[in-house]
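Please read it alongside the sequence and the coordinates.

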Amino acid sequence: MKDGLPTVNLQKTAIFLLNISSSFIETMDIFNPLLFIYQFMSVFSKVIFLVCLIIQGHCYCIAQNRDGMSNASSSILKTHTNRVLGPDDLLVNGTSYLPENLYATGSPDFEYTANEGSGLFIKGQYFDEIRLALDIVSDQLILIQEYGNGLENRIAVHAAYADSFLLGNYFFINLSNPSRGYFEKIAGGKVTFLKKYRKEYVKIYDASNRGKYSEQKFSCFLLHDGRLTLVNNRMSFLNYFRENKKPIRDYLRKNKISIRNASNSQLTALMNYCNSLTDEKN
């Protein structure tokens, strides 16, 4: 902002125009006239709004004295700018997103209670009051920008930028070195307990040939010194802690813990116990 006047970030503008243009080209369906018209109007309305926004900013410059421009007008223009272009350059650092199987029944997204909100850490900076989705078929984190009237733009956040994020009460981390995708972190410590969620696209050979997404499933892992170990049952879990196998087996029996069916609080207590035994050995 200069002399009380909101300015338009050219980098955001370029990214925005590239996103909506590529989105239109990738999704347009000339064989479906209604869909084609909707896609065209969606992109066209965004471009028109952006042009009007820039013109409005110049009109304010001409019509108002620099010292006389009201804070309310400045705030309104800034709000509209952020609504269209995104609140921060870090957030729009990605590519336009579309699910691979656009017409499939169901959703590739991780299922959670959306009204619980979401938040994202990018390079140590936290962004809240944003909408996120996690495509667990392609393992992509999606930023959802809303424009009103049911229109939205979906951007695949670059994996190199996403440190960790919240989807409701689920906390995910990015295992990026090497790249292994997004995992829900259940319990930390020397050995960390993680869950990896997934869905699959299932082809349906009928008249529609649309296909569908499978139910949401998960696998359990232990992470230590950068190494992931699959522990989907009690036996594999005990084998991982073979040096403390007996006390951990007793703990599981006493607390009636099933690795896959245990609550997060039970798993946290279990990992605290296992890590404490490991610390005693050292």
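Eight strands make up an open sheet with antiparallel pairing, in the order β3-β2-β7-β8-β9-β10-β13-β14; two strands count as paired if DSSP finds at least two bridges between them. At the edges of this sheet are β3 (125-127) and β14 (227-230), each of which pairs on one side only. The model is predicted: local features need pLDDT of at least 70 and side-chain atom pairs count only at pLDDT 80 or more, whereas totals for chains, interfaces and linings use all residues. Residues are numbered from 1 along each chain as its sequence is written, and side-chain values use heavy atoms, with hydrogens and water left out.

**Sheet and secondary structure**

- The protein chain has six helices and 14 strands; helices (H or I, at least four residues) and strands (E, at least two) are DSSP runs, numbered from the N terminus.
- In the sheet of eight strands, neighbouring strands are turned by 30 degrees against each other on average, direction ignored. The axes behind this value are lines fitted to C-alpha atoms, for helices over the stretch in contact, and angles run from 0 to 180 degrees between N-to-C directions.
- Strand β13 (residues 217-224) pairs with β14 in the antiparallel sense over four bridges.
- L223 stands opposite L228 in β14.

**Salt bridges**

- The whole structure contains seven salt bridges, each defined as a side-chain nitrogen of Lys or Arg within 4 Å of a carboxyl oxygen of Asp or Glu.
- D109 and R154 form a salt bridge in which the closest N and O atoms are 3.5 Å apart. Because D109 lies in the loop between β1 (94-96) and β2 (118-122) and R154 in strand β6 (residues 151-157), this pair ties together parts that are 45 residues apart in sequence.
- R131 and E146 meet through their side chains in a salt bridge (2.7 Å, N to O). This pair links distant parts of the chain, with R131 in strand β4 (residues 131-135) and E146 in strand β5 (residues 140-148), 15 residues apart.
- The side chains of D139 and K196 also form a salt bridge, at 2.8 Å from N to O. D139 is in the loop between β4 and β5 and K196 in strand β10 (residues 192-198), so the pair ties together parts that are 57 residues apart in sequence.
- A network of salt bridges links D109, R131, E146, E152 and R154.

**Burial of the charged residues**

- Buried means under 20% relative accessible area, exposed means over 50%, and partly exposed lies in between (1.4 Å probe, protein chains only).
- D109 is buried, at a relative accessible area of 14%, and K196 is buried at 16%.
- R131 is partly exposed at 35% relative accessibility, as are E146 at 44% and D139 at 26%.

**Cysteines**

- No disulfide is found in a search of the whole structure; the criterion is a pair of cysteine sulfur atoms within 2.5 Å.
- C220 is buried, with a relative accessible area of 0%, and C274 is likewise buried at 0%.

**Chain totals**

- Of the 282 residues of the protein chain, 39% count as buried.
- The accessible surface of the protein chain is about 16,400 Å², of which 53% belongs to carbon and sulfur atoms. Accessible areas come from the Shrake-Rupley method with a 1.4 Å probe, and for residues only the protein chains shown count as cover.
- Among contacts in the protein chain with a separation of 6 or more, 57% are between residues 24 or more positions apart; contact means heavy atoms within 4.5 Å.
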